[in-house]
Amino acid sequence: MSDPNPYMSGDSGNYEWGPGQQAGTPGYGYPQTPPPPAYQPTLAGGVPVPAQQPPMPGMPPAGGGAPLVSLGDITVVGDQIITPAGNMPLRGAVWNATDMSRTEEKMPTVAVVLAVIFFLFCLLGLLFLLMKEKKTTGFIQVTVTSGGRHHSTMIPATGPDSFQWVMGQLNYARSLSV
């Protein structure tokens with residue numbers, strides 16, 4: 001108990017917790033700026049290449065062309081996949097889809113009411129009990145992995161054939177990724 005406190009700074013009397021850090025360096029978790037290239041690229045005659053701004057996330061690069069396929073917030077333009085998480089290379093991308101929708105079939109209330117009313121007049125009222133309505137709810141999850149990045153999006157299912165439509169788009173994107 002008589003040992004001096006190892007976290008107490010000798011001259012200021014304040015506690016210093018954790019490893020020491022140089023002044024002016026950002027703390028843990030802050031994005032680091034990449035180091036400048038080891039060489040300065042030049043044009044013919046030794047003229048330096050003008051600085052280029054990187055494309056904003058979610059925006060297609062200049063000269064990218066028209067979107068080839070778009071699934072939710074995933075868009076394929078040229079040889080890139082553009083997502084809100086950043087751009088990914090198209091070559092070698094792995095695409096997956098999961099159907100998380102369901103279609104329910106039930107008898108509407110109108111059919112029961114009409115069956116009861118028309119049963120009293122004639123036995124044909126029972127044919128109203130054959131009425132059915134289908135309702136599709138849920139989402140289709142589409143994921144893409146490429147270049148060490150992963151992005152997932154959810155597409156609402158609007159009908160029983162939504163998954164087939166998404167798989168058609170996904171298979172086209174897979175054919176572009178080869």
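Is arginine 102 buried or exposed, and what is its relative accessibility? In the predicted model described here, arginine 102 counts as exposed because its relative accessibility is 52%, and the cut-off for that class is over 50%. The partner of arginine 102 in a salt bridge is glutamate 104, and the closest N and O atoms of the pair are 2.9 Å apart. Glutamate 104 has a relative accessible area of 38% and is therefore classed as partly exposed. The count of salt bridges comes to 1.

As for the overall architecture, the protein contains 2 helices and 7 strands, which follow one another along the sequence in the pattern β-β-β-β-β-α-β-β-α. Of its 178 residues, 20% count as buried, and the protein exposes about 13400 Å², of which carbon and sulfur atoms supply 62%. When contacts between residues at least 6 apart in sequence are considered, 53% of them join residues that are at least 24 apart.

An open sheet is formed by 4 strands, which are arranged in the order 1-2-3-4 with antiparallel pairing. Strand 1 and strand 4 (86–89) stand at the edges of this sheet, and because each has a single partner strand, one side of each is left without a neighbour in the sheet. On average, and with direction ignored, neighbouring strands of the sheet are turned by 20 degrees against each other.

Within this sheet, strand 1 (residues 67–71) is joined to strand 2 (residues 74–77) over 4 bridges in the antiparallel sense, and valine 69 stands opposite valine 76 of strand 2. The hairpin made by strand 1 and strand 2 has 2 residues between the strands, and glycine 72 in this hairpin takes a positive phi near 65 degrees. Strand 2 also pairs in the antiparallel sense with strand 3 (residues 80–83), here over 3 bridges, and threonine 75 is found opposite isoleucine 82 of strand 3. Helix 2 (residues 162–177) lies across strand 1 and strand 2, and its direction is at about 135 degrees to strand 1.

The other helix, helix 1, spans residues 109–121 and includes phenylalanine 121. With a relative accessibility of 67%, phenylalanine 121 counts as exposed, since that class begins over 50%. Phenylalanine 121 also belongs to a nonpolar surface patch of about 1100 Å², whose members include Met107, Val112, Val113, Val116, Ile117, Phe118, Phe119 and Leu120, as well as Leu123, Leu126 and Leu129.

Note on methods: Residues numbered from 1 in each chain as written. Predicted model: local features only at pLDDT ≥ 70, side-chain atom pairs only at ≥ 80, totals over all residues. Heavy atoms only, no water. Pairing = 2+ DSSP bridges. Patch = residues over 30% accessible without salt bridge, like charges linked within 9 Å, V, L, I, M, F, W, Y side chains within 5 Å. Areas by Shrake-Rupley, 256 points an atom, 1.4 Å probe, with all protein chains shown as cover. Salt bridge = Lys/Arg side-chain N within 4 Å of Asp/Glu carboxyl O. Buried < 20%, exposed > 50% of the residue type's maximum accessible area, 1.4 Å probe, protein only. Contact = heavy atoms within 4.5 Å. Axes fitted to C-alpha atoms, helices over the stretch in contact; angles between N-to-C directions.
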